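Subject: Structure handover

Hello,

Here is the structure for your files. My notes on its salt bridges and nonpolar cores follow below.

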Amino acid sequence: MRYSGFRVIKEALTGHKGWGPAWRDPEPQPAYDYVIIGGGGHGLATAYYLAKHYGKARIAVLEKGWIGGGNVGRNTTIIRSNYLLDGNEPFYEMSLQMWERLEQELNYNAMVSQRGILNLIHSDAQRDAFVRRGNAMILNGAGAEMLSVAQIRKRYPFLNFDDARFPIKGGLAQHRGGTVRHDAVAWGYARAADSYGVDIIQNCEVTGFRIENGTCKGVETSRGFIAARKVASCVAGSSSRLMSKAGMRLPIESTVLQAFVTEGLKPVLPGVITFGAGHFYASQSDKGGLVFGGDPDKYNSYAQRGNLPVIEDVIESGMALIPALGRARLLRIWGGIMDMSMDGSPIIDRTHIDGLYFNGGWCYGGFKATPASGLCYAHLLATDTPHDTAKAYRFDRFRRGYMIDEKGMGAQPNLH
Amino acid sequence: MIINHPLLGPRDAQEFTYLGDAALIHRPDWQAEDAQDQFHDYLYLRDNPAGEHRELWFHESGDRSWLVVTRNTVTHEISKVELARDVARSEGRSR
Ligand SMILES: Cc1cc2nc3c(=O)[nH]c(=O)nc-3n(C[C@H](O)[C@H](O)[C@H](O)COP(=O)(O)OP(=O)(O)OC[C@H]3O[C@@H](n4cnc5c(N)ncnc54)[C@H](O)[C@@H]3O)c2cc1C
């Protein structure tokens, strides 16, 4: 069924009796060409691009819970391509361009909103670093603009500009950045993949791999063995747990990142802003809630809930930047488990086991990567060669000394 | 979280910084034939289980000792706290 404005009106006038389920609920088949493990944004996008671009194949997405129950439904929904390094910026810019066309392509309202992202500057050194970053963005066709305090005051009059310790000195803006309705990304990709015949199988946990003579033959699941020519892991925060079942140790630690949302308010925050002196970022959802976050809880965790000290730190940073925040009431706080890679950058690669592929290490920034990650992973699965823009995201970069340390802080998760 | 420091008693986890997998105690021999492989694994690969995890914590705003904490990564429950130097010595390190 095609969704359209006309359809909404027609259904409204006929008692909404014509809407059907957006995807099927199929039984798992005994064998597939491709089995993708994990029904998050990346897994569903991978299935969609695989089915669309790389020919007719039997494809399944196996999800242990319900699709969208992982980080794709827990993140703070920010999209941007304001990266510095060569291995990253072309990839994230491709992703941003894919977001710009996504809703038309999927025929699904994902509420892609290019309301702009602004990284605030509080010192001369930070200005130099952000000018350099802005230039890298411009060279990669992403566009960037340095804003003066006067320009920022016009759009965000309520910020704490004249703080004694961290006055606002300007900002780096990417006007094409913004937010996307996160659940709708999972649902949109699921519906589109389903329309190409992809089986989306929920409540199906992968519990092990069948590996014979160094080749992966399929997966053991809570719903029985499923054979596959190619098996693709795409489970974000659960990456180490899953791959340990294939005997692999990964350059990844799992930690919690928390997110916060206030009660609904009238429109006050027109774009996405980030504090340059502490770790805090915020936007306002279309429902009116201020959505914000900050540092992860910096120790290994699979708890999907965080601890109070980080909450205190995030709120303090928020109050330092937006004193008015203290008048809003917090509605909800939650956490998601992130796959923190050693250098802060992702991995899309084959493994040493034939027929077993890996996508993970997205840390706190994989939502914006969803379309490009899906496309590049599909390309790798179909052709066994990395996609041009994802060539740097290989396992062996650590061995070869080609870390992609975007923050320049060192190759260890507790540093970035 | 409260970490029960073997010398100082219960301390708020906020006083500590976290380094991760306690396997980091065992720095490989730099003169070994396969030192490059060993250092790659040592530096970049981690045990990352859901459940019991042995990990290094540094008492940065306290007595600056290194601890090996055994903690459940699903419940955050801490079952054992040792001085890292005791662990290293008991596992055969001289210094
Ligand atoms: C609080 C928070 C805020 C964030 N904010 C942003 C942001 O503003 N911008 C941004 O770009 N990124 C952000 N991120 C990061 C982003 O959400 C993730 O990097 C991204 O969603 C991960 O990819 P995914 O969507 O495929 O993961 P997920 O949605 O987590 O998908 C993985 C799926 O695998 C399933 N699974 C796990 N194990 C198994 C198994 N054994 N068998 C079957 N299925 C299994 C899980 O149930 C899950 O559904 C944020 C993350 C968090 C936690």
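**Salt bridges between the chains**

Glu253(A) and Arg46(B) form a salt bridge through their side chains, with an N to O distance of 3.5 Å. This pair runs from one chain to the other: Glu253(A) sits in strand β12 of chain A, and Arg46(B) lies in the loop between α1 (35-44) and β4 (52-58) of chain B. Both Glu253(A) and Arg46(B) are buried. Please keep in mind that this is a predicted model.

Another salt bridge joins the side chains of Arg249(A) and Asp21(B), at 3.4 Å from N to O. This pair also crosses between chains, with Arg249(A) in the loop between α7 (239-244) and β12 (252-264) of chain A and Asp21(B) in strand β3 (residues 17-21) of chain B. Are these two partners buried or exposed? Arg249(A) has a relative accessible area of 36%, so it counts as partly exposed. Asp21(B) has a relative accessible area of 5%, which is under the 20% cut-off, and is therefore buried.

**Salt bridges within chain A**

Over all chains, the search of the whole structure gives 28 salt bridges. One of them pairs Arg133(A) with Glu406(A), whose closest N and O atoms are 3.3 Å apart. The two residues belong to distant parts of the chain, 273 residues apart: Arg133(A) is in helix α4 (residues 124-139) of chain A, and Glu406(A) is in the segment after α10 (397-400) of chain A. Arg133(A) and Glu406(A) are both buried.

**Nonpolar cores**

The largest nonpolar core has 53 residues, and the members that touch the most others are Tyr49(A), Phe91(A), Trp99(A), Tyr189(A) and Ile348(A). Two or more residues each come from β1 (31-37), α2 (41-53), β2 (59-62), α3 (89-106), α6 (182-195) and α9 (370-383) of chain A. With 8 residues, α3(A) supplies the largest share of this core.

What is Ile348(A) in contact with, leaving aside its neighbours within four places in sequence? The contacts are Phe91(A), Phe358(A), Asn359(A), Trp362(A), Ser373(A), Cys376(A), Tyr377(A), Leu380(A), Ala390(A) and Tyr393(A). There is also a second, separate core of 29 residues, which includes Ala60(A), Phe209(A), Val219(A) and Met243(A).

Regards

Terms used. Residues are numbered from 1 along each chain as its sequence is written. Chains are lettered from A and ligands numbered from 1 in the order in which they are written. This is a predicted model: local features need pLDDT of at least 70, side-chain atom pairs count only at pLDDT 80 or more; totals for chains, interfaces and linings use all residues. Side-chain values use heavy atoms; hydrogens and water are left out. A salt bridge is a side-chain nitrogen of Lys or Arg within 4 Å of a carboxyl oxygen of Asp or Glu. Helices (H or I, at least four residues) and strands (E, at least two) are DSSP runs, numbered from the N terminus. Buried means under 20% relative accessible area, exposed over 50%, partly exposed in between (1.4 Å probe, protein chains only). A nonpolar core is a set of buried Ala, Val, Leu, Ile, Met, Phe, Trp, Tyr and Cys residues joined through side-chain atoms within 4.5 Å. Contact means heavy atoms within 4.5 Å.
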